[in-house]
Amino acid sequence: MVNTLKKPGFEELRPGVKVPAKETILTPRFYTTDFEAMANMDISPNEEELQAILEEFRNDYNRHHFVRDEEFEQSWDHIDGKTRRLFIEFLERSCTAEFSGFLLYKELGRRLKGKNPVLAECFNLMSRDEARHAGFLNKAMSDFNMSLDLGFLTKNHKYTFFQPKFIFYATYLSEKIGYWRYITIYRHLEKNPEDRIYPIFRFFENWCQDENRHGDFFDAIMKAQPSILNDWKARLWSRFFLLSVFATMYLNDVQRSDFYASVYNQFKFTRLESVNSGSVKLKINVTGVEAKKVSRDESNLVYRAFATLYDRLGKTPPPVHLEIDLGVPLARGLGSSATAIVGGLIAANQLAGKPLSQQEVMELAIAIEGHPDNVVPALLGGCRLTGRGLVMKPQRPQEPEAQQQDWVVCDVAWSSDLVPVVAIPDFELSTQEARQVLPDSYSRADAVLNVASLGLLLRGLESGKGDWLRVGLQDRIHQPYRQKLIPGYDAVEAAALDAGAYGMVISGAGPTLLALVSESQAPAVQEAMAVAWTDAGIQAQVRSLSLDCQGTKIALELSS
């Protein structure tokens, strides 16, 4: 795994203690309420159910669950750059929400003691759960050299006053949505363990049951107070809170969509055993975007790469079942062919017992693709420069012999504040077509400008400095010629720049357009590019992405 990104910086109260996130409509709220009205609440219409829920709380099914194991005891520096920042923000937001519940429930338990003992004990036991959750999350933050001062939060966070019925609406929905959120994440990662970047997600299955029981408690309270649910005003308020809570959680996730989703292809190879003469030796299934465009026979690029490695070894490829799940659109300048080549080679090397080194696999991928631009970062991750030169080995002074060097790879540092925004149109542009419009030669001035721009681009990518990036993104080698093949190019570029992008380029051979922006401007640039292409009559998917530093992931080690 290659680390190419700097650690994201956060403002600190003191070393290792993060300044709490600025309070907005999307950040977790701290609540207070009419404690006297809560204490005087008549729960007798549904006391039997509340007593049963109290017994569930007393059982404390998760009392031994939140114990960190050896998987936590390692360095987490490989979670870097934007992914690290987003994950810390996820932990902070979750910790703050759990701690908010702890404070409210603890105060309710204290105020209701002696007045409404069933509710008081329920709130005290729920505060126990919330404190446990908050502490576990805060400890997880410390694995990334950051934590929250929960005492500071208690004293300095704003408190929102809600009437008891509004507390019930909001907390019931938050607890139940929290349950479904946790269990959905757990189930997804159970099926896709290679995507689980940190062990805390293993705890979500039991964890979510606390959220579910808390939701059941608030449901039971509202059943004991029919007026909270049954008149027309109550129904309107219920719908309002339903919309508000769902919208807040949705916006929080969409705002950080690149933490929850990424653009990649998955390839699964299964050896077909006991193949007799005349039996099927290759079976291919394809799902995902544009699956119908992918061949299901030996012309499939993934399989051709797979077979090429066996040919290199002088062996016959074994019969295999190839399952492809496409996330990268085809012929859009996003490197879909590179992922196919690398996926096929890695699988073949694994099945063959890993006879080739990573360097040899890389060189074979470059040979198949014809250039290193996409296959190298697809294999190794990060932002990469790759090249090779000639080594002069003189046999005689008058007749030196030139031999090519091995490929050398340089990782390029990438600022944690720098976000690539890609606008992927619904039409294709083949690399061959894009190459045909390029001239056979260039002027010295154009060549000099591009070389000078490259130096500033590299420093701009590392520092995130806008002035360097604006100049560094200049090009006279391919964009002036290829942009004519992309309808709406000028309008999308103007929209991106007006919205705050440092610059826009053609991704690969096109037609996808890529803008580099600061994180704060990414949503505005994303929207502006989408609108501009829509106005031009082009349907496009516009996304903010983050840099993958790991490259190809092998979910399961296979032996021959």
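Predicted model: local features only at pLDDT ≥ 70, side-chain atom pairs only at ≥ 80, totals over all residues.

User: Which helices supply residues to the lining of the largest cavity?

Analyst: The structure holds two cavities of 30 Å³ or more, and the largest has a volume of about 50 Å³. Its lining receives at least two residues from each of α2 (47-59), α4 (117-142) and α7 (204-224). The largest share, three residues, comes from α7.

User: Which residues line the largest cavity, and how do they divide into nonpolar, polar and charged?

Analyst: The lining consists of Glu56, Phe57, Asp60, Tyr61, Asn62, Arg128, Asp129, Asp210, Arg213 and His214. Of these residues, six are charged, two are polar and two are nonpolar.

User: How is a pair of aromatic rings described?

Analyst: One gives the distance of the centres and the angle of the planes. The structure holds 36 aromatic pairs. One of them joins phenylalanine 72 and phenylalanine 203, with 5.8 Å centre to centre and 55° between the planes, and this pair is tilted. The pair links distant parts of the chain, 131 residues apart: phenylalanine 72 is in the loop between α2 and α3 (81-112), and phenylalanine 203 is in the loop between α6 (164-191) and α7.

User: Are phenylalanine 72 and phenylalanine 203 buried or exposed?

Analyst: Both phenylalanine 72 and phenylalanine 203 are buried.

User: Let us turn to strands. With which strands does β14 pair, and in what sense?

Analyst: Strand β14 (residues 513-518) pairs with β12 (residues 418-425) in the antiparallel sense over six bridges. In this pairing, proline 420 stands opposite leucine 516. Strand β14 also pairs with β13 (residues 503-506), again in the antiparallel sense, over four bridges. Here valine 505 stands opposite leucine 514. Strand β14 is mostly covered, with five of its six residues buried.

User: What lies between the strands in the hairpin of β13 and β14?

Analyst: Six residues lie between the two strands, and in this hairpin glycine 508 takes a positive phi near 60°.

Key. Residues numbered from 1 in each chain as written. Heavy atoms only, no water. 1 Å grid on protein atoms, 1.4 Å probe; cavity = no way out; pocket = protein on both sides within 12 Å on 5 of 7 lines; lining within 4 Å. Points joined across faces, edges and corners; volume = space filled by probe spheres on them. Nonpolar A, V, L, I, M, F, W, Y, C, P; charged D, E, K, R; others polar. Buried < 20%, exposed > 50% of the residue type's maximum accessible area, 1.4 Å probe, protein only. Pairing = 2+ DSSP bridges. Phe/Tyr/Trp six-rings, centres within 6.5 Å; stacked < 30°, edge-to-face > 60°.
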